[in-house]
Amino acid sequence: MPTDDDLGELIVRAARSLRGRWRAVLEPWDLSPHQVRALMTAGRDDGLRLSGLAERLHIAPRSATEVVDGLAERGLVERVPDPTDRRAVLVRLTPEGTRVRDEVAAARAADAKAALSRLPADERAELARLLRRFLDS
């Protein structure tokens, strides 16, 4: 029976493995995992303040600014005035950003499916259930 230390190490190794695969998947778009997380997060709302983006990504506001700057330079996001507070700015996906987000999401989903295909469907479902339970606690 594995110890808790063994389980923790297995979880870390599995996460590193998937992250490494996702870096390779992201190469055609020349995006970092941080940029993709920001693109996905900003795309869930019709505009998100930088402070909100930083909070959701669990990063410093300065880091969120740098990530958004890089995405804006590539035309994937834009900064627009917040209609509820003229002093604030929202980050929104551009049409190109929406297209790239959707392509990346599909590519990541396909890769995850391929990576996890070694497990039978019932074991994948059980793994998902256990990980959700672990994350919810």
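L93 is placed in strand β3. In this predicted model, L93 has a relative accessible area of 14% and is therefore buried, since the limit for that class is under 20%. The C-alpha atom of L93 stands 33 Å from that of L127, although 34 residues along the chain part the two.

**Overall fold**

- The protein chain contains six helices and three strands.
- In sequence order, these elements give the pattern α-α-β-α-α-β-β-α-α.
- Along the principal axes, a box of roughly 60 × 30 × 20 Å holds the C-alpha atoms of the protein chain.
- The protein chain has 137 residues, and 31% of them count as buried.

**Nonpolar core**

- The largest nonpolar core is made up of 22 residues. Within this core, the residues with the most contacts are L31, L39, L71, V77, V100 and V104.
- At least two residues of this core come from each of α1, α2, α3 (50–57), α4 (61–73), β3 (85–93) and α5.
- The largest share of the core belongs to α2, which supplies five residues.

**Largest pocket**

- Two or more lining residues are given by each of α1 (4–26), α2 (33–42), α5 (95–116) and α6 (121–136).
- Helix α1 makes the largest contribution to this lining, with ten residues.
- Sorted by class, the lining of the largest pocket holds 17 nonpolar residues, eight charged residues and one polar residue.

**Second largest pocket**

- The second largest pocket has a volume of about 190 Å³.
- The residues lining the second largest pocket are L18, W22, M40, A105, R108, A109, A112, K113 and L116.
- Both α1 and α5 give at least two residues to this lining, and the largest share, six residues, is that of α5.
- The lining of the second largest pocket comprises seven nonpolar and two charged residues, with no polar residue.

**Aromatic rings and charge**

- R108 is positioned over the face of W22, at a distance of 4.1 Å from the ring centre.
- Aromatic pairs number zero in a search of the whole structure.

**Positive phi angles outside glycine**

- D30 is a residue other than glycine with a positive phi, near 55 degrees. D30 occurs in the loop between α1 and α2.
- The relative accessible area of D30 is 60%, so D30 is classed as exposed, for which the threshold is over 50%.
- H58 is not a glycine either, and its phi is positive at about 60 degrees. H58 occupies the loop between α3 and α4.
- H58 also counts as exposed because its relative accessible area is 71%.

Note on methods: Residues numbered from 1 in each chain as written. Predicted model: local features only at pLDDT ≥ 70, side-chain atom pairs only at ≥ 80, totals over all residues. Heavy atoms only, no water. Phe/Tyr/Trp six-rings, centres within 6.5 Å; stacked < 30°, edge-to-face > 60°. Lys NZ or Arg CZ within 6 Å of the ring centre and 35° of its normal. Helix = DSSP H or I, 4+ residues; strand = E, 2+ residues; numbered from the N terminus. Nonpolar A, V, L, I, M, F, W, Y, C, P; charged D, E, K, R; others polar. 1 Å grid on protein atoms, 1.4 Å probe; cavity = no way out; pocket = protein on both sides within 12 Å on 5 of 7 lines; lining within 4 Å. Points joined across faces, edges and corners; volume = space filled by probe spheres on them. Core = buried A, V, L, I, M, F, W, Y, C linked by side-chain atoms within 4.5 Å. Buried < 20%, exposed > 50% of the residue type's maximum accessible area, 1.4 Å probe, protein only.
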